[in-house]
Amino acid sequence: MTDLSLYRNIGIFAHVDAGKTTTTERILKLTGKIHKTGEVHDGEATTDFMEQEQERGITIQSAATSCEWDGHRLNIIDTPGHVDFTIEVYRSLKVLDGGVGVFCGSGGVEPQSETNWRYANDSEVARIIFVNKLDRMGADFYRVVGQIKDVLAATPLVMVLPIGIEDDFCGVVDLLTRKAWIWDDSGNPENYEIVDPPEDMAAQIEEWREKLIETAVEQDDALLEGYLEGKEPSVEDLERCIRKGTINLDFFPTFCGSAFKNKGVQNVLNAVVKYLPNPTEVKPQPEVDLEGNETGKFAIVDPNGPLRALAFKIMDDRYGALTFTRIYSGRIQKGDSVLNTFTGKTERIGRIVEMHANSREERDSAQAGDIVALLGMKNTRTGHTLADEKNPATLEPMIFPDPVISIAIAAKDKAGTEKMGIALGKMIAEDPSFQVETDQETGESIMKGMGELHLDIKVDILKRTHGIDVIVGKPQVAYRETVTQTVDDSYTHKKQTGGSGQFGKIDYTIEPIEPGGANYEFESTVTGGNVPREYWGAIDKAFEGMMKAGTLAGYPLVNVKFTLRDGAFHAVDSSTMAFEAATRNAYRQSVPKAAPQLLEPIMKIDVFTPEDHVGDVIGDLNRRRGMIKAQEAGATGVRVKAEAPLSDMFGYIGDLRTMTSGRGQFSMEFSHYAPCPRNVSEQVIEETKARKAAK
C-alpha cells in the first residue's frame, strides 16, 4: 500500500521556447532518473522522442515520466507549448493535481502562457511558477513578476530573489531562510553552496520577505494576529501557510533560475514537494450520468474505493496502443476486466506499464493516485471512464474544440490507400483535435486540425512513421453558414403511391440565434395535437441533420432556432418518415429565404517583432484584413496583438521572417466566427462550387 501523501502528479507547461523540456531534463538528472542530460537543440531531450520533435526543437505531444525526490514520487507530464497542440495541455491539466508554469525571463508572459494559465484556472490546478532563462540577454525577473500580476491577474508569491542577471546570474536568495544558493560555472547542478547573501541585497531581501510573510499569514488568523502584534512566525508555520494558500489557488509560489545552466532547479523540486497537493488534497472529480449531468457523487481518492479511472491520452507505438490513465479511486491489476462506461462494454487490461517518455517499466498493479499506461484496451478513447463493473460511474468528460482548417489528402497508390486508412484511424484515436472525414461528393479524405503546423506534422507522420506516399491539397478554411432573418413558413409533404400514402404538414419559424449562443435550438409550441408529440423528435432530428450542409456553399449551418408552431397529420398516412421528409424539404425551401450568410473563422494573433519592423508588420496585418488590438513594448521588441481572418493568414510565418530578417515570431489561435464581407463571400462560394464541379 503506497502512502498517497508522498505522491505528486504534476505537469510542466509554458509558451513555446520558455524552457519546459529543458527544465524536465534537469529534474530527471537531479532525481537520478537519467545520467546524461539531453538538450532540446541537439534533438536529444528524453521527453521529445518523436522524430518531428527532435528536428523542430518543439514538443508536440505530452510525455509522461516519473521520478523520486526527497522520498516523494513525482509523476511528471511535459506538455507542448505551441498553440496548435494546446489540446495536449488541456487534457494533461485535466488529470494533474499540480503544475509548474515556466516563464521566459526575457520573453515574460507570452500568448501561449495566457492560454495555458486559463486552462489551469478552469481545471483548478495548484501551481508554482519558475521564471527561467535569467542568464539570457534582456532577462528581468521583476518585470516578469509584474506581468504575471497584470496579464494573468494572478498573485505571484516571490520565494527567491536572483543574484546577478544575464551573464552575471549565479544563484538565488531563499527569502524564508535568508540564505543564498550559489552555483559554480561547471554546469553541474550539485555544485552549489549555501552561504550568506550579498550585503548589498539586504534591504531588498527584507522588503520582499515582508511581502511574502504578509501574504502567507493571511491563511491563518492566529498567525496573522501575532504578526500584527510584532511576533514573526517560524519558517515551519510560514511553509504550512504557503502550502495551504497554494492549494487554495490564493497565490502561486514564484522561483527563478536557469534550467539550461543548472541553476535554481533544486528549489523548484523542493517547492513541488512542500507546496503542491498530493492526490487526496485536491477537489475530487465529480461523477456524471450518461447524459453528462452531475449526480452529486464524487470519485474520492481512495485505493479501497470502487474503481474510477480516466483515459486521457492514447499513444500508438511499436508494441500497440497505450492508454494513459489517471486512477482516481480503487486499484487495478494485470488481467482485470473493467467497464468502459462510454461504450458500455468491458475491457481486459493486458499489461500495466509505468512510462518514462517512450521506454517503460512493467507493473503488476496500480492504485488511486497513479498515472500509468494500459495495454490491451481496444475500444477506450480519450475522455472515457473505466469503472468497476459492479459499481459503475462516469467521470466528467473532456470537451475538445472544433478544427478550423482542413486539407484534402490522398495516397498515391491503392496499397497506400489501405495503409492510410489504418494510420489515420490510429492518429484520430491519439489526438481528439484531429478529425478525418470523407467528402461525400468527391470521395476525398479531408484532414481537419487546429492550424497549419498541426496538419503539417500529421502529413509528416503519415509519410515517415507510416511510410505512405501522399498527395496533399491546399489548406481549406472551415467556414460556417448562418441565417440573418426570421422566416415564418409552411410545408406539406403529400405522396400517394397506392395503398397508404405519406402525409405531414408543418408550420414553422426559422430564426437566427445571437453569436456565442447555442448552435441549434428546437422548440415546439404546437397545441391541440395538430402534430402529435410522437413526431416532434423526428422533426427536430431531421432539421438538425440537414444543418450539416448549408444552402450557400454546403458549409455547416450554425446559430439557428427552429420553432414548430402548428401543422396537420393524417390518421393513416402520417408517419415519422413523412414528417422527416417534410422537415428536410422545409429546410431547403426556407433557409434560402432567411438571408443566409457565410461566416469565417477569426484568429487571435500575437506577433513579436523587433522595434524597427513594427510598421511593416502592422501594414502587412492590415493588408490581411487584420484589426490591431494592442501594442506592447518589451525589453527586446514589440508585441502586436491583432485579430485576422484565417483565410488571409496562410504562409504568414514565411512572410514575417522575411519582413523581420528572421527575428519575428507569432502565435495564432481561434477566437470566433464573424460574417464574411460580401466580396470574400462571393469568391468563396464560387470557388467551392467550382472545386466540387471539377471533381
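1. Let's begin with a strand pair: strand β25 (residues 405-411) and strand β27 (residues 445-449) run antiparallel and are joined by five bridges. Within this pair, I405 has G449 of β27 as its bridge partner. Strands here are DSSP runs of E with at least two residues, helices are DSSP runs of H or I with at least four, and both are numbered from the N terminus. Two strands pair if DSSP finds at least two bridges between them.

2. A word on the model before going on. It is a predicted one, where local features need pLDDT of at least 70 and side-chain atom pairs count only at pLDDT 80 or more, while totals for chains, interfaces and linings use all residues. Residues are numbered from 1 along each chain as its sequence is written, and side-chain values use heavy atoms, with hydrogens and water left out.

3. Now place that pair in its sheet. β25 and β27 belong to an open, antiparallel sheet of four strands in the order β26-β27-β25-β28. At the edges stand β26 (435-438) and β28 (470-477), each pairing on one side only. Ignoring direction, neighbouring strands of this sheet are turned by 25° against each other on average. Helix α10 (residues 414-430) lies across β25, β26, β27 and β28, and runs at about 145° to β25. For such angles, axes are lines fitted to C-alpha atoms (for helices over the stretch in contact), and angles run from 0 to 180 degrees between N-to-C directions.

4. Compare this with another open sheet, whose four strands come in the order β30-β31-β33-β32 with mixed pairing. Here β30 (487-495) and β32 (520-524) are at the edges with a single partner strand each, so one side of each has no neighbour in the sheet. Nine bridges link β30 to the antiparallel strand β31 (residues 502-512). To find one on screen, look for D488, whose bridge partner in β31 is T509.

5. Which helices pack on this second sheet? Helix α12 (residues 536-546) lies across β31, β32 and β33 (560-568), at about 155° to β32. Helix α13 (residues 576-590) touches β30, β31 and β33, and its direction makes about 40° with that of β31. Contact means heavy atoms within 4.5 Å.

6. A pair of strands also deserves a look: β29 (residues 480-483) and β34 (residues 596-609) pair in the antiparallel sense over four bridges, with T482 opposite Q597 of β34. In β29, R480 and T482 point one way and E481 and V483 the other, and all are buried. Buried means under 20% relative accessible area, exposed over 50%, and partly exposed in between (1.4 Å probe, protein chains only).

7. How do helices α8 and α9 cross? The axes of α8 (residues 235-247) and α9 (residues 265-275) come within 9 Å and cross at roughly 80°. They are therefore roughly perpendicular to each other, a term for angles of 65 to 115 degrees. From α8 the contact involves E239, I242, R243, T246 and I247, and from α9 V273, K274 and Y275.

8. Also in helix α9 is Q266. This residue is buried, with a relative accessible area of 4%. Leaving out residues up to four places away in sequence, Q266 touches L30, W69, W181, W183, P189, E190 and Y192.

9. Finally, the whole protein: there are 16 helices and 37 strands, and 54% of the 695 residues count as buried. Among contacts between residues at least 6 apart in sequence, 71% join residues at least 24 apart.

How values were computed:
Parallel < 35°, antiparallel > 145°, perpendicular 65-115°, else oblique.
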